[in-house]
Amino acid sequence: MAGLFCWGDFGTVLTLRRDLNRFFRADAIKSRAFIPPSMALIVQKYGGTSVGNPERIRQVAKRVARYRAQGHDVVVVVSAMSGETNRLIALAKEIQPHPDPRELDVMVSTGEQVTIALLCMALMSLGLKARSYTGAQVRILTDSAHTRARILRIDEANIRANLAAGSIVVVAGFQGTDEHGNITTLGRGGSDTTGVAIAAALGADECQIYTDVDGVYTTDPRIVPEARRLETVTFEEMLEMASLGSKVLQIRSVEFAGKYKVRLRVLSSFEEEGEGTLITFEEDNDMEQAIISGIAFNRDEAKLTLLGVPDRPGVAHQILGPIADANVDVDMIIQNVGVDGLTDFSFTVHRNEFSKARAILEQVQPHLKARDIRGDDRIAKVSVVGVGMRSHVGIASRMFRALSEEGINIQMISTSEIKISVVIDEKYMELAVRVLHKAFELDRAPTGV
Ligand code: ADP
Ligand code: ASP
Ligand code: MG
């Protein structure tokens, strides 16, 4: 099925050559072993640990060579060597405590430029043809929002020409260029998004995200060793988990996969075999489906409360309008039921924006005659996620009971159709994740619902 796809704001027309039916049939999704069709086009993304030293890079080259030997076309997207992006950011901060965003992008994008060249050298040592490209050389066009740019268009002509000439193409993740030629970066973890976006632009048969775990787990296995790998996870669940803090995939990469129906799989670069986790686009209606698929957590947020604001129309706008005008994203919002014409108003923002948001509230306070401002940047958000919630009741009460049995106080609650999130004291975060993992029996294979 050839189709015309519009990309982002630019409305660029891309021709995708994917036969959707072939890849999204339920039996294909269920199949245990991943056997790519012969002569497939595969995009493989390798994260920082997977290219963390010369030996790891050689291992990556060997895996790519195996796919090539099976007759597949391979485009590889790589991150910087592990720790390198942090090192570069710290270096910048030694010179300028709040680094200039344009210059920071010029600097941090070098991490990926190193690994593309090293991987090409490793591939050449194996006798393969390989060619590296920075984001700007491919022409991954982004907007100009330095340090968190969005991809608008990818010119895939260079990549296609190299593939046609029998080369493996190695592209730097995490970076692009804006319309003025400035180097931009896509936000932390952005190489995932480069991988999926290239797969979408090329109409690749599969995008494989290689990392240091062998798939998406019921929760971060570093926190809960009993966490279980999921064979499949629905796109919606993955989107929630990524947005609620599971760093295994950058949220924008999941959004891209959903929008362009990219077949996306998370795998380990440390293991030879294994199917990893496939992101599916259909709800799994069979009896094996668990009600809760995973638990996500996030300590990046901070909470602000205005006490004793008038309970009248327009107050929420008076509080959050200036916050939005200052480009501060708000996550959870809670307004109490009014008593005697007054109410309390709380919301959460990213921890990096805590002081900025607090300063704005200090300006708003006198206009609203609010009694006080309270702030807490030592909170954590813990969420349970699962499409099974749609058809089952009692999930919230099970969650709240498990937390109360450990004496964990819930400060805020928010829900959607497939998730329940609570804000708690940061110091109980790991405990909360562990008890919820147990309460929802996520350490055991689902036995039906
Ligand atoms: P990479 O450098 O390969 O991009 P990341 O560190 O960004 O790797 O993502 C992989 C890490 O994500 C894992 O090591 C794991 O600790 C963490 N993680 C968080 N939540 C999950 C989850 N639900 N499943 C698997 N890994 C998770
Ligand atoms: N190197 C970048 C980071 O550390 C991008 C990535 O690894 O995906 O965030
Ligand atoms: Mg990552």
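Let's count a residue as near a molecule if one of its heavy atoms lies within 4 Å of it. By that rule, ligand 2 is surrounded by Ser79, Ala80, Thr85, Glu112, Phe174, Arg188, Gly189, Gly190 and Ser191. This is a predicted model, where local features need pLDDT of at least 70, side-chain atom pairs count only at pLDDT 80 or more, and totals for chains, interfaces and linings use all residues. Residues are numbered from 1 along each chain as its sequence is written, chains are lettered from A and ligands numbered from 1 in the order written, and side-chain values use heavy atoms, with hydrogens and water left out.

**Around ligand 2**
- A nitrogen of ligand 2 is 2.7 Å from a side-chain N or O atom of glutamate 112, and an oxygen of the ligand is 3.1 Å from one in the side chain of serine 79.
- Taken alone, ligand 2 exposes 260 Å², and the protein buries 86% of that (Shrake-Rupley areas, 1.4 Å probe).

**Aromatic pairs**
- The whole structure has four aromatic pairs (ring centres of Phe, Tyr or Trp, the latter by its six-membered ring, within 6.5 Å; planes under 30 degrees apart are stacked, over 60 edge-to-face, the rest tilted).
- Tyrosine 46 and tyrosine 210 are stacked, because their ring centres are 4.8 Å apart and their planes at 10°.
- Both tyrosine 46 and tyrosine 210 are buried (under 20% relative accessible area, with exposed over 50% and partly exposed in between; 1.4 Å probe, protein chains only).
- Phenylalanine 235 and phenylalanine 281 are also stacked, at 5.7 Å centre to centre and 25° between the planes.
- Phenylalanine 281 counts as partly exposed, at 22% relative accessibility.

Methods:
A polar contact is a pair of N or O atoms within 3.5 Å; within protein, one must be able to donate a hydrogen and the other to accept it, and residues adjacent in sequence count only if both atoms are side-chain atoms.
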